[in-house]
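Take a look at the model below.

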Amino acid sequence: MTTINIDHVSRWFGNVVAVNDITMTISPGVTGLLGPNGAGKSTLINMMGGFLAPSNGTVTLDGEPIWRNEQVYRHIGIVPEREAMYDFLTGREFVVANAELQGLGTHEAQKALATVEMEYAQDRKISTYSKGMRQRVKMASALVHEPSVLLLDEPFNGMDPRQRMQLMDLLRRMGAEGRTVLFSSHILEEVEQLASHIEVIVAGRHAAGGDFRKIRRLMTDRPHRYLIRSSDDRALAAVLIADPSTAGIEVDLKEGALRVQAVDFGRFTTLLPQVAKAHGIRLLTVSPSDESLESVFSYLVAA
């Protein structure tokens, strides 16, 4: 049972703090590393993979330090987001080269290519591959030595729906086998479909961690802000402010609308159409004004 422990880890580049005092444990199974672009996910994965040294704290694999410990590469496979590949090689040549670095050969390379369903294009130059095909060949090179830990940085970028489903099935199987699989994403729905456990990173900080249902509940239960236009904004505001599902209402004269903060999402979304109908008020616009990933994740940091 292979486990990665991240203990009070920070990483800075000059005056820029990319990762700020993060502590978490990545255990066997599938873990999703979730956060907006620029949150520090890639930096954290690069430290788990031994490509970057922590500026502070430790990253260990079953108690052994990962940085400058070449023995850990027998157990770790990594699929970086960057497209740094040898385009003049064929897919097969690329995977065989990675197999040979592990002391393996053509047989293991062919098995890995079959696992990601890339045999049909294995003799084509990588320069002719689509982004999704490149992702799958990188995956094959990471799997060639059958690692117990697999680290994937935004692995679904550029994949078509069929390729995504195939990769999701593969990662589920690996997690069920007891391997430690971590993948990063900025898309909540991707993580929900695949991961049994989620770690959320925002602005280099650890915002939340746990079962994805717990994280989804935190996101749903947070205060929501809405921009509402109706046939009678003042009458609607008077009714809504009397209900405990709302914490504040502002009449925005410039926009000709109400700005409403709802603290009980489920109750408010049921209440709004009911009171509008009961008072003969037509709802012209109802739109969330804080649904960006950044605002949702920022709420988790403060939660």
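In this predicted model, helix H2, residues 91–101, packs against helix H4, which spans residues 131–143. Their axes lie 8 Å apart, at an angle of about 25°. Angles under 35 degrees count as roughly parallel, so H2 is roughly parallel to H4. The crossing of H2 past H4 is right-handed.

Which residues meet there? H2 brings Gly-91, Phe-94, Val-95 and Asn-98. H4 answers with Val-137, Ala-140 and Ser-141. Sorted by class, the contact of H2 with H4 holds four nonpolar residues and three polar ones. It has no charged residues.

Now turn to the backbone. Most residues other than glycine have a negative phi. Glu-146 is not a glycine, yet its phi is positive, at about 50°. Find Glu-146 in the loop that runs from helix H4 to strand S7, residues 149–153. Is Glu-146 buried, exposed or partly exposed? Its relative accessible area is 47%, so Glu-146 is partly exposed. The cut-off for exposed is over 50%.

Move on past S7. The loop between S7 and helix H5, residues 161–176, holds Glu-154. Glu-154 also has a positive phi of about 50°, and it is not a glycine. Is Glu-154 buried or exposed? Buried means under 20% relative accessible area. Glu-154 has 4% relative accessibility, so it counts as buried.

How values were computed: Residues numbered from 1 in each chain as written. Predicted model: local features only at pLDDT ≥ 70, side-chain atom pairs only at ≥ 80, totals over all residues. Heavy atoms only, no water. Helix = DSSP H or I, 4+ residues; strand = E, 2+ residues; numbered from the N terminus. Buried < 20%, exposed > 50% of the residue type's maximum accessible area, 1.4 Å probe, protein only. Axes fitted to C-alpha atoms, helices over the stretch in contact; angles between N-to-C directions. Parallel < 35°, antiparallel > 145°, perpendicular 65-115°, else oblique. Left-handed = near helix turned anticlockwise from the far one by under 90°. Contact = heavy atoms within 4.5 Å. Nonpolar A, V, L, I, M, F, W, Y, C, P; charged D, E, K, R; others polar.
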